[in-house]
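Reader: I have a model open and want to go through its fold. Can we take it step by step?

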Amino acid sequence: MGIDDVFENKGTRKDARQRRHNRKIRRRRITAIVVVLALIAGVSGVVAVSTASGAFSNLFGAKKDYEGEGEGSIDVTVIPGASASQVANQLVEEDVIRSADPFLKEVESRGFVIKAGTFKMRKRMSSSAAVDALEDATAAQRLTVAEGHTIKTIKANAIKAGVNEQQLDKAIDKKKPKDYGLDIDAPNLEGYLYPATYDIDPSRPAEALVQDMVNKTKDELNRLAIPHDDAHYYLTLASLVEKEATSDPEVQAKVARVFVNRVGKKSQTGGLLQSDATVAYIHGARQDLTTTKKERESNNPYNTYKHKGWTPGPINSPGEPAVRAAMKPAKGDWQFFVATDPDNGTVKFANNYQEHQKNVEEFRKWLREHRKKNG
């Protein structure tokens, strides 16, 4: 064999090895392409990857959503400070929702802020239904004390919002402002639970909620520069104005003046306030705003048809406008007033009883039409 033959054979073996190597590379590339296509098509049934922190939730899974309101029941606790993404991943892990993305889009579209707390939810809910459940629960965990609400109403609404009934009774019944650090002589907390909206945390003692309300009253008294020695008088008068007057500041100031005149030296009612609102406070209000003779004869200390002067305390939680009217009643000699057309908020004032009777007849006409219309 010549030298040329030797080199020729070597070249042939080298080429053969190269061809075998190239074939292996091509097979690997084909295999990789097949695997990638399988992953994309979902052939291998890939499941979502989720770490404890939820950082890689739904990394490979399809961004699908459950349908409907869900089934069963589950308590979901959102910790304070949790982000929307963290809550979404938690709901995925607990199989409340299928995927985080639709849930987060729903939250963003509503501008909804998820609050901490424990929520009643269902398994396999649509993202829309899940956000609905969180929104409804959040709304339920707020207590709105409206102007004119009594303790009875406040307690009922607080219990509906999730406050423990037994704790609430203990925190309010037989308690006075002084029990909550407000140095005012009052027989109870009526009028001292400030009208506002409060967040309800079921894990927080009811006493803390009541403390918030009394603190708010204290803050408002200080803001309005009302001395504590005068606060009980102003809140009592304001609570009457809150119920007897319309929301018109001018009417409120006139109503305040009427009550001041009725207990004054020139009273034409013998020192009696004669407020139907106080009778309704005792017996409950009627739809047509009237009271009965029997009710007006009650010996209850809040009955201002029977007892002269002011009531023992406020009959509700008055708002700031009513308090301002009590602080600065309008100037006038009015002794009587009546809402001649409650539908339109028309109130007429009179300096004497005879004039008042004419106004009362207008009210009676409205009352007859009102009863006829409403059966």
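Reader: How many helices and strands are there in the protein?
Author: This is a predicted model, where local features need pLDDT of at least 70, side-chain atom pairs count only at pLDDT 80 or more, and totals for chains, interfaces and linings use all residues. Residues are numbered from 1 along each chain as its sequence is written, and side-chain values use heavy atoms, with hydrogens and water left out. Helices (H or I, at least four residues) and strands (E, at least two) are DSSP runs, numbered from the N terminus. The protein has 13 helices and six strands.

Reader: What percentage of the residues in the protein is buried?
Author: Buried means under 20% relative accessible area, exposed over 50%, and partly exposed in between (1.4 Å probe, protein chains only). The protein has 375 residues, and the buried part is 38%.

Reader: What share of the contacts with a separation of 6 or more joins residues 24 or more positions apart?
Author: A contact means heavy atoms within 4.5 Å. Among contacts with a separation of 6 or more, residues 24 or more positions apart account for 62%.

Reader: At the start of helix 9, which residue's backbone nitrogen does a side-chain oxygen of D248 reach?
Author: The oxygen belongs to the side chain of D248. It comes to within 2.9 Å of the backbone nitrogen of E250.

Reader: How far does helix 7 reach from its first C-alpha to its last?
Author: Helix 7 covers residues 206–223, which is 18 residues. The expected span is 1.5 Å times one less than the number of residues. That gives 26 Å expected, and the model is close to it, at 26 Å.

Reader: Which residue with a positive phi follows helix 7?
Author: The phi there is near 60 degrees. The residue is A225.

Reader: Where is Q274, and is it buried or partly exposed?
Author: Phi of Q274 is positive, near 50 degrees, in a residue other than glycine. Q274 sits in the loop between helix 9 (249–262) and helix 10 (276–283). With a relative accessible area of 28%, Q274 is partly exposed.

Notes. Polar contact = N/O pair within 3.5 Å; in protein donor to acceptor, adjacent residues only side chain to side chain.
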